[in-house]
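Hi,

Here is the structure I promised to pass on.

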Amino acid sequence: MEVSIETLAFIGLAALVIIVFLMVYIRDMEVNKKLSIYEKSIEELNYQNHVLNKALNELRTQEKEPAFDPAVLEQKMVQFVKEEIHKSAIPVVSSLKEIESIIYHFKEEQSSRLERIESRTKEMSFASASPSSSNEKMIIAHYTKGKSEAEIAKDLRIGIGEVDLVLKLANLK
């Protein structure tokens, strides 16, 4: 039992598609892990912000000494909170942008690969659909003369299944 080149090509193409999908799945898992880490960092920042706001509100409600200016303290606290958020959030945002860029480039690469695979598949199907052997040409010639599949198979001493296959590939049946 011989395996045709088209069958091998189809098996190779299927394996390639499976590998591409596995790569996309693994990449997606890695991105999800990183996003989870960033999500935890953001939650921690929100918690720290809440604690600082709570401390600021407690300072507002407490009585202060006359030499202690609450407006200056509030301004310092707000500035401190902004600086801490800026220190923590900027690296997260830049990392997210980097991840987004990596995902975009990966998506573009996979799209181009799929387009190449599809074009090669179309080329292979066009090449296999054109009659190239003398048997195929003879089958098509007999069929166009009006002979039945059984008569063609008998005349050419080949199986009816082969005649049927050639006629289907030539879009005559």
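You'll find Arg 157 in the loop between H4 and H5. Its phi is near 60°, which is a positive value in a residue other than glycine.

Some housekeeping before the rest. This is a predicted model, where local features need pLDDT of at least 70 and side-chain atom pairs count only at pLDDT 80 or more, while totals for chains, interfaces and linings use all residues. Residues are numbered from 1 along each chain as its sequence is written, and side-chain values use heavy atoms, with hydrogens and water left out.

Now the overall picture. The chain has five helices and zero strands, so to speak in DSSP terms: helices are runs of H or I with at least four residues, strands are runs of E with at least two, and numbering goes from the N terminus. Reading along the sequence gives α-α-α-α-α. The C-alpha trace spans about 115 × 25 × 20 Å along its principal axes. The radius of gyration (taken over C-alpha atoms) is 35 Å, whereas a compact globule of 173 residues would have one near 16 Å; that globule rule is 2.2 Å times the number of residues to the power 0.38.

Of the 173 residues, 14% are buried. The chain exposes about 13,500 Å², and carbon and sulfur atoms supply 60% of that; the areas come from the Shrake-Rupley method with a 1.4 Å probe, and for residues only the protein chains shown count as cover. As for contacts (heavy atoms within 4.5 Å), residues 24 or more positions apart account for 59% of those with a separation of 6 or more.

On charge, there are 23 positive and 27 negative side chains, and the centres of the two sets lie 5 Å apart. Lys and Arg count as positive and Asp and Glu as negative, leaving out His and the chain ends. Each charge is placed at NZ of Lys, CZ of Arg, CG of Asp or CD of Glu.

Leu 56 sits in helix H1, which covers residues 5-61. It is counted as buried because its relative accessible area is 8%. Not counting residues up to four places away in sequence, Leu 56 touches Glu 74 and Met 77. Lys 107 is another matter: Leu 56 and Lys 107 are 51 residues apart in sequence and 47 Å apart in space, C-alpha to C-alpha.

Asn 46 is in helix H1 too, and with 48% relative accessibility it is partly exposed. From Asn 46 to Ile 85 is 39 residues in sequence and 9.0 Å in space, C-alpha to C-alpha. Over in helix H2 (residues 70-129) there is Gln 110, which is buried at 5% relative accessibility. Leaving aside neighbours within four places in sequence, Gln 110 is in contact with Val 20, Met 23 and Val 24.

Then there is the part towards the end of the chain. Which residues make up the largest nonpolar core? There are nine: Ile 139, Ile 140, Ile 152, Ala 153, Leu 156, Ile 158, Val 163, Val 166 and Leu 167. Helix H3 (134-144), helix H4 (149-156) and H5 each supply at least two residues of this core. A nonpolar core here is a set of buried Ala, Val, Leu, Ile, Met, Phe, Trp, Tyr and Cys residues joined through side-chain atoms within 4.5 Å. In soluble globular proteins, nonpolar side chains tend to be buried together.

Asn 135, in helix H3, is partly exposed at 28% relative accessibility. Setting aside neighbours within four places in sequence, Asn 135 is in contact with Leu 156, Ile 158 and Glu 162.

Two last residues. Asp 164, in helix H5 (residues 160-169), counts as buried because its relative accessibility is 17%. Asn 171 is in the segment after H5 and is exposed, with a relative accessible area of 68%. Phi of Asn 171 is near 60°, again a positive value in a residue other than glycine.

Cheers

Notes. Buried means under 20% relative accessible area, exposed over 50%, partly exposed in between (1.4 Å probe, protein chains only).
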